[in-house]
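Here is a short note for a first look at this entry. Please read the points with the structure open beside you.

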Amino acid sequence: MINALLDRHPRIANWIYGFTPPERGTVTLVHRRVYIVPTQLGWLFALTLAILLVGSINYALSLGFALTFLLAGMGLAGMVHTARNLARMAVSVGRAEPVFAGEAAQFRLYLDARAAFDRPAILARHLRSRSQMVLDVPAAGLAEVVLAVPAPARGWLPLGRVMLETRFPLGIFRAWSYVEPDARCLVYPRPERSMLPAPAAESSRGALRSPTPGNDDYSGLRAYQLSDSPRHVAWKAVARSEDMLTKQFMGEAAAELWLDWARLAPQLAVEQRLSRLAGWVLEAERSGVQYGLRLPGVEIAPGRGELQRAACLQALALYNGT
Amino acid sequence: MKALPHPLSPEVRPLTLRDLGWLTASLAIVIAPHALRAPWWLTLLTLCLYGWRFYSMLSRAPLPSRWLVIAVAFIGMLGVWMEYRTLFGRQPGVILLMLFSGLKLLESRHHRDGAVAAFLGYFLIITNFLYTQSIPTALAMGVGVFAITATLVGFSAPQRAPRANLRTAGLLLTHAAPAALVLFLLFPRVQGPLWGLPQDAYAGMTGLSDTMSPGNLSQLALSDAIAFRAAFEGESPPQPLRYWRGPVLWDFDGRTWSSGQGYLVNFQPPQGGRATYQYSVVLEPHNHYWLFALETAAALPERSRITQDGQILSFAPVRSRLRYDMSSVIDPAREPRENRGTLGRALRLPADYNKRTVALANEWRAAGGSDVDMLNRGIAFLIKGRFTYTLEPPLLGRDSVDEFLFDSKAGFCEHFSSAFTVLMRAAGVPARVVTGYQGGDLNPVDRIITVRQSDAHAWTEVFLAGRGWVRVDPTAAAMPTRVDGGLAQALPQTQALPLLMRPELEWLRGARYRWEALAHKWNIWVLGYSPERQRDLMLSLGMRDADWQKLTAVLFTFLGAMTIALLAWSLRRLARPDPVQKAWQIFCRKLASRGVVRAPHEGPRDYSARAARALPGSRRAILRIGALYIALRYGTSTNRPSTARLRRLVRELRPT
């Protein structure tokens, strides 16, 4: 109930949690942000202490008192140690590789101990997806958390709130803290598998010199360019000589394929169009043709290779026209 | 979205072999003393349960069903009932708890069960203190606490090296120590018990009883157990003056002396006397009312009373170690009068018993003479009689005094005092038996006199007209060495003595003295810390009439301060920056002062590259610092460059 209230009123939540998301750069978990409560086991421990105390009073056991008070002091020290296990730890984010909608984004967080002692058994849990991981942060070292967050829709996927929790060392207290680092992952539209469109439409420009671009027709080798697909690298030839060589196919240099929004069937919805185009981008990249992308207001010149593919998919992912 | 099980919650984390090993080992430490006390079959059953749990862990066999566990519990309880005829006494309760530790282990699947078993382990520790709170027990149980704590730490960090977990447990206990000390001193103490204790709560306490029959003092004399300790201000009295007076026995049934009915009187401090001794006594619990004091008490301790025959009684049976201050005076002027009823009681003898003794006394009386003459004749009879002093007196029949005086002529102090008292009564001199302790061992280390059960003694008091009750020690008359040199001197060499009284083991006694001195301090300061001591401490700290509210306030102030100190400690450790990081920050500041400010998103590589371009004069140094920092911070642990080099480079950097 409280959570629902806080969701509706983010400003109250920010005030309570002591930070305003998203947080840029490295986030240090200051004491103010570390919360601590006893666990169920902690209450059981308290009950044990109460029984020990009553027993000591009843039988006038001096050593019983000593034991009870030692354990009580240990509970107190345990509380400080549990809070210390999180406090002043630094959280920074790593790069999250783009994914397609429907897949899971792999967010990387780095927990920096920033302390001369190790911080064992820290749970990192992504609140929205419940994706979680338990890890030990070594003394004066870093530990990497990978959170797999489902990416249902295209666009930027913000990481959202992450809870860091620990019950070390005694399990009788639970300390936790929230971070919401400025991390996001690009989500491409879900690609739809379909036949590539015929490249015929561009003939009016006279660009198409080969009427039948046969991708399988090997025609020779040429020097490697950065944009070449690794699939087309002549690895055998590379092994023989020192230069990177690319296999050249009949008509490849000439074939230019425009993946054009306007040429899709008009009854298709926006997302369907984007999915279709994403599928085409993948297919075109696979087949090795030069391809360009046209969206309303966006045009990406024909090209090939990883960068071209990424540029096209990013344009599709971030498309916000009607 | 369905919530995954919480990976830190103890309900879902299975107990591993390592966890089980730690848990079992620490439980074994804390039940070890019980295992030696328990009936053998129950110890065996508990160990079998531990073994069973290990077997199912190693062979991955399923744990026994709940019903089987309940059945085993039931069998164990039945066995305990057959052994003790009850389940609720101290001994059966503790032993059942030991069994339950095995049963709990047997049904432990997850960390939660393991933690409950660990808490049970803490509880088992305290049950050990019901039996003994000596220093060795405290040390052994300290190891137990440490082991259980390390087990708990292991539960919450399963991947960590056991050595690291041990270190954490040690750190936790070290941090707990100041809080524990403050709580121990300041926690408002309540005088227990809060409710009725089981019947056998005070079983096994040794000491004098309110009856004396042939054989029971000599049994007691075989025990090395401590009766009490006395610390004297100034000189301690010499051995022959150390008569510690205890129960007075009036009524004789032919075999057994008993104290019978007594009544309380107002205490009258004795007049005159040779010397006064001030001392404090720490009395071991003996479950009776008597407080022991040197003859003759010059003042009563707090919370005590005195009877007409001079026994000092506490208000409640002494069931925990009791400390009291005493002062005694040697040979004071005695009350010369006694009422007739009491004198009549001091002459009463059972008819038809010990006829030969009565006949002898009648002979003396018939020959005429005063009570003092009777007394002298009796003593002369003992001296001339060639009696033997022995810890193993022969068994005596119906007329025990006759048989001792005329046939066996061998006995222990109870035989001498009993026979002498009967002789005096038969001769018409009012007499009574007094039991207590004679002597005690002066510890040269801390000048404290330790009186053991082996110093138990019995003597006679006779009433002489005009002089009052006078102590006569018939044992000393027959065996003068008993009182001058203690039991060891009086007994023939061939007789078995308690180990520590043997004169040839001098070195062992030296070690024992040192140990005793330590144990006495332990008793006074740790075990004897009572509500009264707490009040005294508060008074010495300048807090008058410290009630529980004040104590609680002081306590919480201390605890709060302690927690803050602990927190500050942990913060300070955290705030101490990593030298690499510190050097890097200085580097960034130096560059920023030249106008190259690091953007929040900028990594060390990009930043140093940009700075090198912007400040070409220091290009080489900047790039080297950047590379060093990256290698130190993100490199693998092998082949690390030195931190000192980075710091030197940063220090020498003059960006231009």
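This is a predicted model: local features need pLDDT of at least 70, side-chain atom pairs count only at pLDDT 80 or more; totals for chains, interfaces and linings use all residues.

1. In α16(B), the buried residues are B:Glu516, B:His520, B:Asn523 and B:Leu527. Seen down the axis of α16(B), these buried residues fall within an arc of 105°, so they line one face of the helix.

2. What do the buried residues of α16(B) pack against? Their partners are α4 (62-86) of chain A and, from chain B, β2 (226-232), β7 (275-283) and β18 (448-452). The face turned away from the buried side carries exposed residues: B:Trp507, B:Gly510, B:Ala511 and B:Trp525.

3. The length of α16 (residues 506-527) of chain B also checks out. At 1.5 Å a residue, its 22 residues should span 32 Å, and the end C-alpha atoms are 29 Å apart, which agrees.

4. Now chain A. It has 7 helices and 17 strands. Of its 322 residues, 42% are buried. Among contacts between residues at least 6 apart in sequence, 68% join residues at least 24 apart.

5. Next, the backbone. Most peptide bonds are trans, and most residues other than glycine have a negative phi. The bond from A:Phe168 to A:Pro169 is cis, with omega near 0°. A:Pro169 sits in the loop between β10 (162-166) and β11 (173-179) of chain A. B:Glu295 and B:Thr296 are also joined by a cis peptide bond, with omega about -10°.

6. B:Arg60 has a positive phi, near 55°, and counts as exposed, with 6 C-beta neighbours inside 10 Å. B:Asp331 has a positive phi of about 50°. With 14 such neighbours inside 10 Å, B:Asp331 counts as partly exposed.

Definitions and conventions. Residues are numbered from 1 along each chain as its sequence is written. Chains are lettered from A and ligands numbered from 1 in the order in which they are written. Helices (H or I, at least four residues) and strands (E, at least two) are DSSP runs, numbered from the N terminus. The expected span of a helix is 1.5 Å times one less than its number of residues. A residue is buried if 20 or more other C-beta atoms lie within 10 Å of its own, exposed if 12 or fewer, and partly exposed in between; C-beta atoms are placed from the backbone. The arc is that of the directions from the helix axis to the C-beta atoms. Two residues are in contact if their C-beta atoms, placed from the backbone, lie within 7 Å.
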